[in-house]
Amino acid sequence: MNDEAVSSLGVTEGLSQKDDKFKVLGVRVDAVQIPDVVARMESWIAQRSGSHFIAVTGMHGVTEAQHNDGFKKILNSADLVVPDGMPLVWLGRLRGHALKRRVYGPELMLTFCRATGRQYRHFFYGGLPGVPKLLGDTLRDRYGITVAGEYSPPFRILTPEEDEQILKEIHELQPDVLWIGLSTPKQEHWMHEHRPKLKVPVVVGVGAAFDLNTGRTKQAPEWMREHGLEWFFRLLTEPRRLWRRYILYGSQFLWYVAAELLSLRRFE
């Protein structure tokens, strides 16, 4: 991306603060915004020095990490853990970071594709059959991106042979960015496990972005997304699937954060 394009995204001196981070319940969160993440992705692509993975996480991921130390270690091993959730943004502000907005996974994908157009090759891994192809076609029509390939994994654990085959296909197609559309914590486990075998510069777990950016799932109004109310909208639209995440995990998250802020419990 040239200097003019970076400027148009609003990237300023914040790029130099790449070590700016804070912790929530023992999970490292990078104090970045979408323009910073886009610039970092481009930097990794230019360097071609290994595979880097980005965990786009919010209240759900941080709470999941309290139930599974292995998952907490995976999040903390990510090259970037970005705050996809207003509660993390609010906690970041409380700790002195100038976070204006969340790093919303679907918006990150659209912003990167809009800013870079046909410069890079994209591979889409995840979603129901037909969804990754629809997503690639949608983004190609809208932003002119180059789609290297797509894959919709079955609802079961892949055999070692199947896993090796898809890794071989990804390697042969040489994408610059590998978008992972699985649920948390499945997508983070996948990225962590496969990073040593991948030669893709950037791997990003964006969860529901596959369905949201193809229009298969309705998004909350922008005012709800920007004021921490997306959970309420999604709970109303998919109560049977999401009640546990937002009611049970949401309550636990609030309790844990209160305990941490009041120094009643440490979450290192």
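User: Which residues of helix α12 are buried?

Analyst: This is a predicted model. Helix α12 spans residues 230–237. Its buried residues are Glu-230, Phe-233, Arg-234 and Leu-235.

User: What covers the buried residues of α12?

Analyst: The cover is made by contacts, meaning heavy atoms within 4.5 Å. It includes α11, residues 222–226. Also included is α13.

User: Which residues are joined with Glu-230 into one network of salt bridges, and where does the network stand among other such pairs?

Analyst: A search of the whole structure finds 13 salt bridges. One of them is between the side chains of Arg-156 and Glu-162, at 2.8 Å from N to O. Salt bridges that share partners also form one network, and the residues joined there with Glu-230 are Asp-84 and Arg-102.

User: Are Arg-156 and Glu-162 buried or partly exposed?

Analyst: Buried would need under 20% relative accessible area. Arg-156 has 42%, and Glu-162 has 27%. Arg-156 is therefore partly exposed, and Glu-162 also counts as partly exposed.

User: How many residues apart in sequence are the parts tied together by Glu-260 and Arg-95?

Analyst: The side chains of Glu-260 and Arg-95 meet in a salt bridge of 3.4 Å, N to O. Glu-260 belongs to helix α13 (residues 239–261), whereas Arg-95 sits in the loop between α5 (86–94) and α6 (105–116). The pair therefore ties together parts whose separation in sequence is 165 residues.

User: Which accessibility class does each of Glu-260 and Arg-95 fall into?

Analyst: The limit for buried is under 20% relative accessible area. Glu-260, at 16%, counts as buried. Arg-95 has 31%, so Arg-95 is partly exposed.

User: In which helix do Asp-137 and Lys-133 both lie?

Analyst: The side chains of Asp-137 and Lys-133 meet in a salt bridge of 2.9 Å, N to O. Asp-137 is partly exposed at 22% relative accessible area, and Lys-133 is partly exposed at 44%. The two are four residues apart, about one turn of the helix, and that helix is α7 (residues 131–143).

User: What is the distance from Asp-163 to the nearest side chain of opposite charge?

Analyst: Asp-163 lies in helix α8, residues 160–173. Asp-163 is buried yet has no salt bridge. A salt bridge needs a nitrogen and an oxygen within 4 Å. The nearest side chain of opposite charge is that of Lys-197, and its distance is 4.5 Å.

User: Which residues does Asp-163 touch?

Analyst: Residues up to four places away in sequence are not counted here. With those set aside, Asp-163 touches Leu-158, Trp-190 and His-194.

User: Why are the buried residues of α9 on the same side of the helix?

Analyst: Helix α9 covers residues 186–194, and its buried residues are Gln-187, Glu-188, Trp-190, Met-191 and His-194. They lie on the same side of α9 because the arc they cover around the axis is only 160 degrees.

User: What covers the buried residues of α9?

Analyst: Several elements take part, and strands among them include β3 (52–57), β5 (121–126), β7 (177–181) and β8 (202–205). Helices are included too, namely α4 (69–77) and α8.

User: How many residues apart are Tyr-125 and Tyr-151?

Analyst: The count of aromatic pairs comes to seven. Tyr-125 and Tyr-151 form one that is tilted, with 5.3 Å centre to centre and 45 degrees between the planes. The pair links distant parts of the chain: Tyr-125 is in strand β5 and Tyr-151 in strand β6 (residues 146–151), and their separation is 26 residues.

User: Which residues do ring pairs link into a cluster?

Analyst: Rings pair if their centres lie within 6.5 Å. Pairs of this kind link three residues into a cluster: Phe-112, Tyr-120 and Trp-179.

User: What is the radius of gyration of the protein?

Analyst: The protein has 13 helices and eight strands, and buried residues make up 54% of its 268 residues. A compact globule with 268 residues would have a radius of gyration near 18 Å. The protein agrees with this, at 18 Å.

Technical notes:
Residues are numbered from 1 along each chain as its sequence is written. This is a predicted model: local features need pLDDT of at least 70, side-chain atom pairs count only at pLDDT 80 or more; totals for chains, interfaces and linings use all residues. Side-chain values use heavy atoms; hydrogens and water are left out. Buried means under 20% relative accessible area, exposed over 50%, partly exposed in between (1.4 Å probe, protein chains only). Lys and Arg count as positive and Asp and Glu as negative; His and the chain ends are not counted. The arc is that of the directions from the helix axis to the C-beta atoms. Rings of Phe, Tyr and Trp (its six-membered ring) pair if their centres lie within 6.5 Å; planes under 30 degrees apart count as stacked, over 60 as edge-to-face and the rest as tilted. The radius of gyration is taken over C-alpha atoms; the globule rule is 2.2 Å times the number of residues to the power 0.38.
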